[in-house]
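I opened this entry to look up how two of the chains sit against each other. My notes follow the structure.

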Number of protein chains: 6
Amino acid sequence: MDQKKIAIYPGTFDPVTNGHLDIMVRANTLFDKLIVAVALSPKKNPLFSTTERVGFIKEALNGQDKIEVHSFDNLLIDFAFEHKASVIIKGLRAVSDFEFELQMGLMNRNLNNQIETVFMIPSQEYSFLSSSFIKETAQHGADIRHLVPKCVYDGLQIIRK
Amino acid sequence: MDQKKIAIYPGTFDPVTNGHLDIMVRANTLFDKLIVAVALSPKKNPLFSTTERVGFIKEALNGQDKIEVHSFDNLLIDFAFEHKASVIIKGLRAVSDFEFELQMGLMNRNLNNQIETVFMIPSQEYSFLSSSFIKETAQHGADIRHLVPKCVYDGLQIIRK
Amino acid sequence: MDQKKIAIYPGTFDPVTNGHLDIMVRANTLFDKLIVAVALSPKKNPLFSTTERVGFIKEALNGQDKIEVHSFDNLLIDFAFEHKASVIIKGLRAVSDFEFELQMGLMNRNLNNQIETVFMIPSQEYSFLSSSFIKETAQHGADIRHLVPKCVYDGLQIIRK
Amino acid sequence: MDQKKIAIYPGTFDPVTNGHLDIMVRANTLFDKLIVAVALSPKKNPLFSTTERVGFIKEALNGQDKIEVHSFDNLLIDFAFEHKASVIIKGLRAVSDFEFELQMGLMNRNLNNQIETVFMIPSQEYSFLSSSFIKETAQHGADIRHLVPKCVYDGLQIIRK
Amino acid sequence: MDQKKIAIYPGTFDPVTNGHLDIMVRANTLFDKLIVAVALSPKKNPLFSTTERVGFIKEALNGQDKIEVHSFDNLLIDFAFEHKASVIIKGLRAVSDFEFELQMGLMNRNLNNQIETVFMIPSQEYSFLSSSFIKETAQHGADIRHLVPKCVYDGLQIIRK
Amino acid sequence: MDQKKIAIYPGTFDPVTNGHLDIMVRANTLFDKLIVAVALSPKKNPLFSTTERVGFIKEALNGQDKIEVHSFDNLLIDFAFEHKASVIIKGLRAVSDFEFELQMGLMNRNLNNQIETVFMIPSQEYSFLSSSFIKETAQHGADIRHLVPKCVYDGLQIIRK
């Protein structure tokens, strides 16, 4: 009997965008279970707390069972192993993304050869989208309601005030 | 009950290399069934016939059930649909590969949004390897036994004579 | 009094796609006159004749005055000079496009420093689109009516039969 | 009657280099009016104050009417709209520049589809030049007089002491 | 009589990895003398002191005469000139490395045309390896003994405690 | 006693440009002997015969002893071994060049680990220059006398007539 395939989709998600959610929905159809893994990333000095970042994703995913959302602060490869995941998902928008992620994927394979990294393509309409752009433009009052889930939009408005 | 996940790994495979086989083995662990799809590619003027290219892969995969090998001459996306596949696998060695494959993936999604393209990383030791290099160097007598399956090596020797 | 700014948009256009037309419309708003310049490109062995390629563009642009369509077989920089153009327009979809076009732009500047090359971004929904993809997929019966003007679609159907 | 074409050339310009000035002169020939827009960029922790950065550009451009220099701290796309600009100019030195600017251009188009981003090529002799390199090497006493306008050179000497 | 060829291999080396050592050994065979030049790099806020970074390299190179290790805080091109070096060595893992180093190489040539930058390829097994990855993963307890010399591994263990 | 360092600079050189000559002069200062190796490259369908291509380089190099010019039709790595060379020189103009050459370098190292590939940067003023551009523009009558040696210019004129 085939084993269940569990996939991890890691990131800082500060905050989650419609581009991230698009990858989650696509990845969810390919594997038996998807775990969204929110990195604490203290060095990136996130705008939102880990609790907020996890909360935004859970609220935006409302109704999508089969997707779990966790935070983690250990090595990604160890987190994957603990959750019996055999796949790490990365969304690729750009060539520079790819090269960095290729190096990360080889590094992770070097640490644990049982876990594969696979790359997916977000929907074209989100190809320019990044959490940094969202934070930068929202701070200046750009209308980004079509680019993030409602809870994130609301969260950004509170911070702006 | 979850549906079986069927993946397609397409290419010209003229001839198959150890890098291709590495991707096949990796992809095979992630999905319920893998179909290797050998494109006729008449415009590329292949060195080996379609029958030879399919034959090399079957011989090299000897013993790997769950992997089927077919040739095809229609649109990849139509071939995938006919075989109930929901995933197309591409191996990425280089940044220039990625950009071309990203465009292909978006094109294919435009034609059929139900089929995802996912990218995988071959083993580092094959990161420089391509069928063109194999043909070019084998023709000049380079010893490439560690880079291709034995049947391909033998096939290249016959052509050289 | 300011001089009229005339821009050239060169290409093989075998055949013109909605991505090319998108660039034409955008470029047309930026300059006083736009000349679409269809290169004969005999080395590329085009599917459509120069007359057909020019005809498709004229038909698709129907009603857009200020845009002229010509074929040319001399150096682009000489063609631009003859038509008093000071700008060459190139559409950039991908990083690999950019690098090639950057070299071409520097080469052309080396031959005539009075003519600038400027790069524009096509609409995201056409970022994967190329004439080669159109020809390849149309030949296999893909439905590409949303990607090319009607006259090109009809022209491709005739060739297929 | 054609409307006047107004272009914006944005940047941090900390400090302006001969490469920036080269783009300004080239862009100025293509459009009816050019506005150099100096971003406050407090997050980049600039070496020179906004007033100094604007002052250097004005002094270096001495005699070039048709070019205005302003600072701004709002969204670029809003600044462009306020000044009735329909074009944003970016100079591209490198492939990595291009990819970032392509994403920015798509983001800005998403916020305001009436404003086009166009990319120009600086003169080859400045293709390696960046404000960071200037600051880094000037601090160590490199002779960079041929790479920046005189006022910038003088400004860097004062800081060094 | 030919002059001795002296090469410089500069970096922050925070800490040195087996990938760096691989380049040192390869470069050492090509030139008459190799000088490893450890940049103070205070802006990068290094984990190890300059003394520690120099010490690790000396210990790891134990027995390789013909290789000197120095620290430097002036312009690389001035350091090279002082040591009569005519070549700067850079190891290239990735395309993004290349573009940055190409700009640096052109900048350095602009400052001193007598000193050439040459690029070398590290061994494939270290193509994913960087000092940042080492620090990041070691901090989380990854076993990286096959990726760094023993003295660096020990140094990282002490810091972790 | 140190062994003499012999370097190979391979290419099709159809025809040699000032960019190639710039790399030859630079490489010649770094190693004890430089061998320019002209590949027959029948698949590229060269414009000039091997004899002509070798002849152009010899004439252009007139007076540079220490540089030999040979043609070759075997594996580059075998040609290098026969001539006791330990270094292969490649000039890098662009990111896409780099990626292809990186793969070639790894392939060649795989076949013979004793021979290093090193990359050099041509002079900025030739960064756009390629033999293809020369042939394409010369055929249309562009004045390229500052981009190629006189003998190549003359050779191109004869062909044009």
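**Chains E and F**

The model is predicted, so local features need pLDDT of at least 70 and side-chain atom pairs pLDDT 80 or more, while totals for chains, interfaces and linings use all residues. Residues are numbered from 1 along each chain as written, chains are lettered from A and ligands numbered from 1 in written order, and side-chain values use heavy atoms, without hydrogens and water.

I then checked contacts (heavy atoms within 4.5 Å): 30 residues of chain F touch 30 residues of chain E. The buried area is about 2,600 Å², 62% of it from carbon and sulfur atoms (accessible area, 1.4 Å probe, lost by two parts on being put together, summed over both). On the side of chain F, Leu30(F), Phe98(F) and Ile121(F) lose the most area to chain E, together 24% of what that side buries.

I searched the interface for salt bridges (side-chain nitrogen of Lys or Arg within 4 Å of a carboxyl oxygen of Asp or Glu) and noted two. Arg26(E) and Glu116(F) form a salt bridge at 2.6 Å, N to O.
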